[in-house]
Amino acid sequence: MPEPTLTPAETAAIRERVVGLMPAVLDDLRALTRIPSVSLGSFDQARVEESAEVTARLLRAEGLEVEIVREDGGRPAVIGRSEGPAGAPRVLLYAHHDVQPPGDAAEWDSHPFEPTERDGRLYGRGAADDKAGIMAHVAALRAHAGDLPVGVTVFVEGEEEVGSDSLATVLERHGDRLDADVIVLADAMNWEVGTPALTTTLRGLVRADITVSTLDHGVHSGMFGGPLPDALTALCRLLATLHDAAGDVAVAGLDHAEAADLDYDEARLRAESGALEGTALIGSGSILSRLWTRPALSVIGLDAPAVEAASNTLVPSARARVSMRLAPTQDPGRAFEALREHLLSRAPWGASVEVTLSDEGPGFAAATDGAAHDEARAAFADAWGAAPVEIGCGGSIPFVAAFAERFPEAAILVTGVEDPDTRAHGANESLHLGEFERVCVAEALLLARLGRLPTGPRGSD
Ligand SMILES: [Zn+2]
């Protein structure tokens, strides 16, 4: 057995310190949550400026050198830096200070921007996503006040909820100040209350438009229907080739991977998704593999005459948009080529088929075998008294891919403040306060552990 990085007494002392800090941390979280910093353009952007200012103040109070940056006309991002002991690793802590719109106020049991505690949860828009992420970082800094064990950079984005459009430019222009050995992105989920999680895979994405044409103009379906195919029927036949009879994606050459073996059954999937009784599950492999690591393909839009306006005409041309989710390590460009090849070689009835790329994004698969991940697992286990599980996410998180691409050498830890009842983006968003305390303890322990690493934090040098 190697020496533990932190002794049990040191661990207990840090935990005690964080627990003592929690009342003030929660006060600051409530103050942040009262700011309706909705980054969607139709909302008052002065409030996004205000949440950036308040975030900057919180970081300055911890002795960080802070700057608010904006690029490409984007929302304000807060960057704070503190030097650690010489030779210690540098850790970047990410969160975002913007929030989703509150939605219909009538669906909330308390005002979305007046944080309210009920049954051990703090309700409010942003109380979890992701102002709790900001405060977890601040709590970890406070736990080590005046004696940070590592170099710390805090990066708090202001436009995550509207797609992080200027993030690539921010990373490009300020990358030298954001570079780190370990990156902690506190904007994901834990597996369930009492079980912490590291999100280690995300799926990639390809969106493509498929245009099918059979005639150069619409003609009377009574006069010409019979020998001539209409484009909409041809498009439907083409779309039908994208899955096999079992419902697996039929495009050849796509990568497949297996998800971790966690307990997630059909009943839970049905309850969480609202699947109608009788709707069968499609595809093969474990449910979590189908959600997290295997390709999936859905038709998400169709350009064709609306039923209301339908006339007896052979539709000359029709268009569909498909969204394809990819195995975490799949190259999106190759996946698009495979999809294109599949569609062009199956053009029904000699129809003209055109396939164009509308959007793509890489997935993410963390290398979880380094020292930083070992220390994170140990910190989580100490904070929760339960070993963390490794989970995937079927969606794509643009900022994770952006950081992974910009800092390929860094160990990336995707951690969470949310639990399955958080309802981020929905009405009655809430934070489980017991879990939040454990999140803060875990992050304070993680910084201490990373500061003790004898060699490079990736354990490779
Ligand atoms: Zn978020």
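Predicted model: local features only at pLDDT ≥ 70, side-chain atom pairs only at ≥ 80, totals over all residues.

Reader: How do you know that the span of helix H2 agrees with its number of residues?

Author: H2 covers residues 46–61, which is 16 residues, and at 1.5 Å a residue they should span 22 Å. The end C-alpha atoms are 23 Å apart, so the two values agree.

Reader: What follows H2?

Author: Gly63 does, and its phi is positive, near 90°.

Reader: Which residues other than glycine have a positive phi?

Author: Arg423 is one of them, with phi near 55°. Another is His425, with phi near 75°. Arg423 lies in the loop between strand E17 (411–418) and strand E18 (430–432), and His425 also lies in the loop between E17 and E18.

Reader: Why is Arg423 called exposed?

Author: Its relative accessibility is 55%. Exposed means over 50%, so Arg423 counts as exposed.

Reader: Why is His425 called partly exposed?

Author: Its relative accessible area is 42%. Buried would need a value under 20% and exposed one over 50%; 42% falls in between, so His425 is partly exposed.

Reader: What makes strand E3 largely enclosed by the rest of the structure?

Author: Seven of the seven residues of E3 are buried, so the strand is largely enclosed. Arg90, Leu92, Tyr94 and His96 point one way, while Val91, Leu93 and Ala95 point the other way. In a regular strand, side chains alternate between the two faces of the sheet.

Reader: How do you know that E3 and E6 pair?

Author: Two strands pair if there are at least two bridges between them. E3 and E6 have seven bridges, in the parallel sense, so they meet the cut-off. One example is Leu93, whose bridge partner in E6 is Val154.

Reader: What makes E3 and E7 a pair?

Author: The cut-off is at least two bridges, and E3 and E7 have four, again in the parallel sense. In E7, Val182 is the bridge partner of Val91.

Reader: How many aromatic pairs are there?

Author: The count comes to eight. One is formed by Tyr94 and Phe155, with 6.1 Å centre to centre and 40° between the planes.

Reader: Why is Tyr94 counted as buried?

Author: Buried means under 20% relative accessible area, and Tyr94 is at 0%, so it counts as buried. Phe155 is also at 0%, and is buried.

Reader: Why is the pair of Trp191 and Trp292 called edge-to-face?

Author: The angle between the planes is 75°, and edge-to-face means over 60, so the name applies. The centres are 6.1 Å apart. Trp191 is in the loop between strand E7 (182–189) and strand E8 (197–202), and Trp292 is in helix H8 (residues 287–292).

Reader: What makes Trp191 buried?

Author: Its relative accessible area is 9%, which is under 20%, so Trp191 is buried. Trp292, at 9%, counts as buried by the rule that sets the limit at 20%.

Reader: Which residues have the most contacts inside the largest nonpolar core?

Author: They are Leu431 and Phe436, in a core of 64 residues. Helix H12 (residues 433–451) gives the most to this core, with twelve residues.

Terms used
Residues numbered from 1 in each chain as written. Heavy atoms only, no water. Core = buried A, V, L, I, M, F, W, Y, C linked by side-chain atoms within 4.5 Å. Buried < 20%, exposed > 50% of the residue type's maximum accessible area, 1.4 Å probe, protein only. Helix = DSSP H or I, 4+ residues; strand = E, 2+ residues; numbered from the N terminus. Phe/Tyr/Trp six-rings, centres within 6.5 Å; stacked < 30°, edge-to-face > 60°. Expected span 1.5 Å × (residues − 1).
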